[in-house]
Amino acid sequence: MSVVSQVILKADDELRYPSSGELQSINNFLKTGKQRVNIASVLSENEKKIVDKASQELWRRRPDFIAPGGNAFGQRERALCLRDYGWYLRLITYGILAGDKDPIESIGLIGVREMYNSLGVPVPGMVESIRCLKEASLALLDEEDAKETAPYFDYIIQAMS
């Protein structure tokens with residue numbers, strides 16, 4: 001949910017007009033709209049490149065994942081990993097567009113550790129994969145956009161750690 005929606009719902013729940021501080025937060029949200037859309041565009045347009053680069057880096061750091069007996073050994077298992085990487089990248093764009101980490105939490109993080117544990121997927125490996133996605137993504141952005149984007153990756157990393 002965007003800052004605008006949150007402010008409106010909160011004010012409505014309390015039967016009042018938005019406060020000046022809330023209106024300022026909406027103003028700040030709107031001022032950064034173009035930047036957030038541009039970041040989301042870069043990430044979505046480069047999804048394959050980002051996922052490929054991130055997965056190559058992960059396999060370099062953790063060759064045991066793709067070795068016989070590893071969680072990403074075999075074509076099917078590797079394809080499932082890449083699918084998840086794309087899903088997390090898309091989740092990041094939702095948070096960036098909303099200007100809030102709430103979509104990341106509500107859509108993608110509730111129960112994620114339990115799910116991966118039940119599937120036998122090592123959560124530390126998923127954390128490392130998000131770090132690789134972060135590095136590959138930020139490399140495509142200028143310094144200001146990278147600074148805006150990094151906390152969304154860090155939020156997922158922290159939630160999984």
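Predicted model: local features only at pLDDT ≥ 70, side-chain atom pairs only at ≥ 80, totals over all residues.
Figure 1. The model holds 2 aromatic pairs, and one of them joins the rings of Trp-59 and Tyr-85, whose centres are 6.5 Å apart and whose planes meet at 40°, so that the pair is classed as tilted. Because Trp-59 belongs to helix H4 (residues 47–61) and Tyr-85 to helix H5 (residues 75–98), this pair ties together parts that are 26 residues apart in sequence.

**Figure 2. The edge-to-face pair of Trp-87 and Tyr-88.** Here the ring centres of Trp-87 and Tyr-88 lie 4.9 Å apart, and the planes stand at 80°, so the arrangement is edge-to-face, the angle being over 60 degrees.

**Figure 3. Arginine side chains placed over aromatic rings.** The charged end of Arg-78 sits over the ring of Trp-59, at 5.9 Å from the ring centre; the ring of Trp-59 is the one that also takes part in the tilted pair with Tyr-85. In a second case, Arg-36 lies over the face of Phe-29, with a distance of 3.8 Å to the centre of the ring.

**Figure 4. The buried side of helix H6.** Helix H6 spans residues 102–109, and its buried residues are Pro-103, Ile-104, Gly-108 and Leu-109. These residues cover an arc of only 150° around the helix axis, which puts them on the same side of H6.

**Figure 5. The largest pocket and its lining.** The largest pocket has a volume of about 420 Å³. It is lined by 23 residues, of which Leu-80, Cys-81, Asp-84, Tyr-116 and Val-121 are the closest to the centre of the pocket. At least two lining residues come from each of H4, H5, helix H7 (112–119) and helix H8 (123–138), and H5 gives the most, with 8 residues.

**Figure 6. Leu-15 in the loop between H1 and H2.** Leu-15 is found in the loop that runs between helix H1 (3–13) and helix H2 (20–31). Its phi is near 55°, a positive value in a residue other than glycine. For comparison, most residues other than glycine have a negative phi. With a relative accessibility of 76%, Leu-15 counts as exposed.

**Figure 7. The whole chain, as a setting for the close-up views.** The secondary structure of the protein comes to 9 helices and 0 strands, and, when read along the sequence, follows the pattern α-α-α-α-α-α-α-α-α. Taken along the principal axes, the C-alpha atoms fill a box of roughly 60 × 35 × 20 Å.

Notes
Residues numbered from 1 in each chain as written. Heavy atoms only, no water. Phe/Tyr/Trp six-rings, centres within 6.5 Å; stacked < 30°, edge-to-face > 60°. Helix = DSSP H or I, 4+ residues; strand = E, 2+ residues; numbered from the N terminus. Lys NZ or Arg CZ within 6 Å of the ring centre and 35° of its normal. Buried < 20%, exposed > 50% of the residue type's maximum accessible area, 1.4 Å probe, protein only. Arc of directions from axis to C-beta. 1 Å grid on protein atoms, 1.4 Å probe; cavity = no way out; pocket = protein on both sides within 12 Å on 5 of 7 lines; lining within 4 Å. Points joined across faces, edges and corners; volume = space filled by probe spheres on them.
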